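Biologist: I'd like to go through this model with you and ask where each label comes from. Can you put the cut-offs next to the values as we go?

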Amino acid sequence: MKWEGGRRGGGIEDRRGVGGGAVAGGGIGALVLAGVLYFVFGIDPQTTQQVAGHLGGLGQAGSQEGRMGTPADDAGQFVDVIGTNINDVWAQKLEGYRPPVTTLYEQGTQTGCGYGQAAMGPFYCPADQKVYLDLGFWQDLQRLGGSGADFAKAYVIAHEYGHHVQRLIGATEQVQRAQQNARSQAEGNRYSVALELQADCFAGMWARNAGLVSNGEVTVTDSDLAEGMKTAAAIGDDALQGRGGGRVSPESFTHGSSQERMQWLQRGYQTGDPASCDTFANL
């Protein structure tokens, strides 16, 4: 994936080294694989307040500020370039688009949705409209069988920006209402899956348009997409449940199967059109 010459927007809040307080545990271990992995690639936006309650013993919701701008290190600059390019694509695709802030942190940090931990994976908080990312997740992703390629990392970021778009267009709120009226947990989970798969499709849509908005300075090739597909397969609900040693239970899926995640990522990439990402049509 080509990205080094891409535009840097400076919309990164860097909390690394600021200190977010003590957190319980660390890394992706057996316990995380058994449970927390359902948050990989982001907390479902409709459940962030519930998650915040579960994390109440770890810290209190509140403000915690970092340095705003473009980080000096390569990893931070990568996040800035990719996030800026995603914003440039959505500015063309969605009237009135407002960029989120991407917050880099280590281990744990305060968010508008409660206390966030690195073990939860990257996530989007609709309450403060920020994407939270601990860069150590790239190693965790590879341990899960995902790719270490740049596009696999960019896919993570674009997926979370997709959740931000869903908040802007009202999809998140609609899913919340549908889940409140659901007759069962399994029915409610289907709306969560549709939301996550749409974010995957939005990530593919961004990838198709990345070069168009950057004069070719940020480009994604078919071989790059293959690395993203490998990652999508690794973090499907069926793959994660199987890795955790439990029974594969489709009714408990919250993010979609490996096949579904690959399918919608590829669909967004093939069409380059957010209108093709209607994952709710058959619900």
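Predicted model: local features only at pLDDT ≥ 70, side-chain atom pairs only at ≥ 80, totals over all residues.

Biologist: What makes you say that Asp-88 is in contact with other residues, leaving aside its neighbours within four places in sequence?

Modeller: Contact means heavy atoms within 4.5 Å. Once the neighbours within four places are set aside, Asp-88 has Arg-7 and Val-213 as its contacts. Numbering runs from 1 along each chain as its sequence is written, and side-chain values use heavy atoms, with hydrogens and water left out.

Biologist: Which helix holds Asp-88, and what span does that helix reach against the expected one?

Modeller: Asp-88 is found in helix 3. Helices are DSSP runs of H or I with at least four residues, strands are runs of E with at least two, and both are numbered from the N terminus. The expected span is 1.5 Å times one less than the number of residues. Helix 3 (residues 74-93) has 20 residues and reaches 29 Å from first C-alpha to last, close to the expected 28 Å.

Biologist: Why is the pair of Phe-151 and Trp-206 called stacked?

Modeller: The structure holds six aromatic pairs. Rings of Phe, Tyr and Trp (its six-membered ring) pair if their centres lie within 6.5 Å; planes under 30 degrees apart are stacked, over 60 edge-to-face, the rest tilted. Phe-151 and Trp-206 have ring centres 6.1 Å apart and planes at 10°, so stacked it is. Phe-151 sits in helix 5 (residues 150-169) and Trp-206 in helix 7 (residues 185-213), so the pair ties together parts 55 residues apart in sequence.

Biologist: Are those two residues buried or exposed?

Modeller: Phe-151 has a relative accessible area of 1%, so it is buried. Trp-206 comes in at 0%, so the label is buried again. Among the contacts of Trp-206 beyond four places in sequence are Met-1, Ile-82, Phe-151 and Val-220.

Biologist: Which residues touch the most other members of the largest nonpolar core?

Modeller: A nonpolar core is a set of buried Ala, Val, Leu, Ile, Met, Phe, Trp, Tyr and Cys residues joined through side-chain atoms within 4.5 Å. The largest one has 50 residues, and those touching the most other members include Val-79, Trp-90, Phe-151 and Trp-206. Helix 7 gives the largest share, nine residues. A second, separate core of seven residues includes Tyr-105 and Phe-123. Tyr-105 and Phe-123 also form one aromatic cluster with Tyr-132.

Biologist: How do you know that Arg-208 lies over the face of Tyr-269?

Modeller: The charge counts as over a ring if NZ of Lys or CZ of Arg is within 6 Å of the ring centre and within 35 degrees of the ring normal. Arg-208 lies over the face of Tyr-269 at 4.2 Å from the ring centre.

Biologist: Why does His-164 count as buried?

Modeller: His-164 lies in helix 5, and its relative accessibility is 0%, so it counts as buried. Its contacts beyond four places include Tyr-97, Pro-99 and Gln-129.

Definitions and conventions. Buried < 20%, exposed > 50% of the residue type's maximum accessible area, 1.4 Å probe, protein only.
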